[in-house]
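Q: I'd like to learn how to read side-chain pairs and sheets in a model. Could you walk me through it?

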Amino acid sequence: DCSYVKEPLGYALFEAMGVATSRAAYVQVRVNELDYGLYVLIETQDDRLLERHWGADSGNLYDGKYVWWPDGSYTLLDFGEGHDELYQLEEGEEVAHADIQAVSAAYLEGVAAGDFRARTDALLDWDNLHRVWAVAQFMGHNDGYCLNKNNYRVHFRGSDGRAVMVPWDLDHTFYEDHWWSRSWASPSGNLARACFADPVCAEEQRQAVVELLSVLPSVDLPTLNG
């Protein structure tokens with residue numbers, strides 16, 4: 001992001017909607033009295049971030065990044081596609097991906113039975129997901145979970161085991177979806193696509209967008225991360 005504004009603005013928008021994510025700031029880097037210029041400093045998503053948002057019993061954090069194969073191909077990780085064991089555990093305790101597998105199973109069973117939203121309620125914090133996706137749509141996050149199944153972390157809270165999404169890597173934001181041959185009417189992420197096809201879940205998502213639009217006028221973006 002040669003503009004140096006996408007990540008600070010993006011994280012500020014998520015923060016304004018009550019989404020737990022990284023903090024961002026600008027730093028002037030000098031080494032041995034040589035000025036290396038202006039950089040964007042992004043808070044690392046580790047155990048310190050988890051404790052800041054969720055306390056000491058913070059639970060497991062997984063990285064939903066893509067996986068490169070020896071032949072140069074890659075796989076974008078998503079639930080219900082048989083790659084649960086490839087989610088990388090960043091923080092927490094090793095549970096043989098049982099928490100990821102539970103979400104995948106509920107997704108597959110819910111889509112098959114036609115009760116996706118109800119079946120996943122005990123596993124997913126839907127208030128969080130709706131807010132994350134509303135901000136992602138507003139800021140044109142073409143390389144996020146919904147449109148590209150990329151650049152997201154999944155955190156299972158220690159308090160209740162429910163999963164939230166933690167946004168990450170916002171360099172490909174403030175784009176039009178069609179620039180990447182994407183459409184918000186038909187997201188790529190399995191959870192988002194199933195949600196948009198579920199009347200209850202889709203209405204909840206619409207309400208999150210309405211809330212975001214009501215919040216935006218009061219957000220002072222130039223100073224929120226100051």
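Q: Let's start with R153: is this residue buried or exposed?
A: Keep in mind that this is a predicted model. R153 has a relative accessibility of 9%, so it counts as buried, the cut-off being under 20%.

Q: And how do I read a charged side chain like that together with a partner?
A: The general idea is that side chains of opposite charge can pair when their charged atoms come close. Here R153 forms a salt bridge with D63, and their closest N and O atoms are 3.2 Å apart. The pair links distant parts of the chain, with D63 in strand β3 and R153 in strand β7, 90 residues apart. D63 sits at 8% relative accessibility, so this residue is buried too.

Q: How many salt bridges does the structure hold?
A: There are 15 salt bridges. Another one joins the side chains of R119 and E109, at 3.6 Å from N to O. R119 belongs to helix α4 (residues 116-119) and E109 to helix α3 (residues 98-113), so this pair ties together parts that are 10 residues apart in sequence. R119 is partly exposed at 34% relative accessible area, and E109 is partly exposed at 41%.

Q: What is the strand order in the open sheet?
A: The order is β6-β3-β7-β8, an open sheet of 4 strands with antiparallel pairing. At the edges you find β6 (88-91) and β8 (163-167), each pairing on one side only. On average, neighbouring strands here are turned by 35° against each other, ignoring direction.

Q: Now the rings. What should I look at?
A: A pair of aromatic rings is described by the distance of the centres and the angle of the planes. This structure holds 14 aromatic pairs. Take Y62 and F156: the centres are 6.0 Å apart and the planes stand at 90°, so the pair is edge-to-face. Y62 is in strand β3 (residues 60-63) and F156 in strand β7 (residues 152-156), so the pair ties together parts 94 residues apart in sequence. Both Y62 and F156 are buried.

Q: What are the distance and angle for Y66 and W68?
A: That pair is also edge-to-face, with 5.6 Å centre to centre and 85° between the planes. Y66 is partly exposed at 32% relative accessibility, whereas W68 is exposed at 52%.

Q: Which rings are linked into a cluster?
A: Ring pairs connect F79, Y87, Y107, F116, W126, W133, Y145, Y152 and F196.

Methods
Residues are numbered from 1 along each chain as its sequence is written. This is a predicted model: local features need pLDDT of at least 70, side-chain atom pairs count only at pLDDT 80 or more; totals for chains, interfaces and linings use all residues. Side-chain values use heavy atoms; hydrogens and water are left out. Rings of Phe, Tyr and Trp (its six-membered ring) pair if their centres lie within 6.5 Å; planes under 30 degrees apart count as stacked, over 60 as edge-to-face and the rest as tilted. Helices (H or I, at least four residues) and strands (E, at least two) are DSSP runs, numbered from the N terminus. Buried means under 20% relative accessible area, exposed over 50%, partly exposed in between (1.4 Å probe, protein chains only). Two strands pair if DSSP finds at least two bridges between them. Axes are lines fitted to C-alpha atoms, for helices over the stretch in contact, and angles run from 0 to 180 degrees between N-to-C directions. A salt bridge is a side-chain nitrogen of Lys or Arg within 4 Å of a carboxyl oxygen of Asp or Glu.
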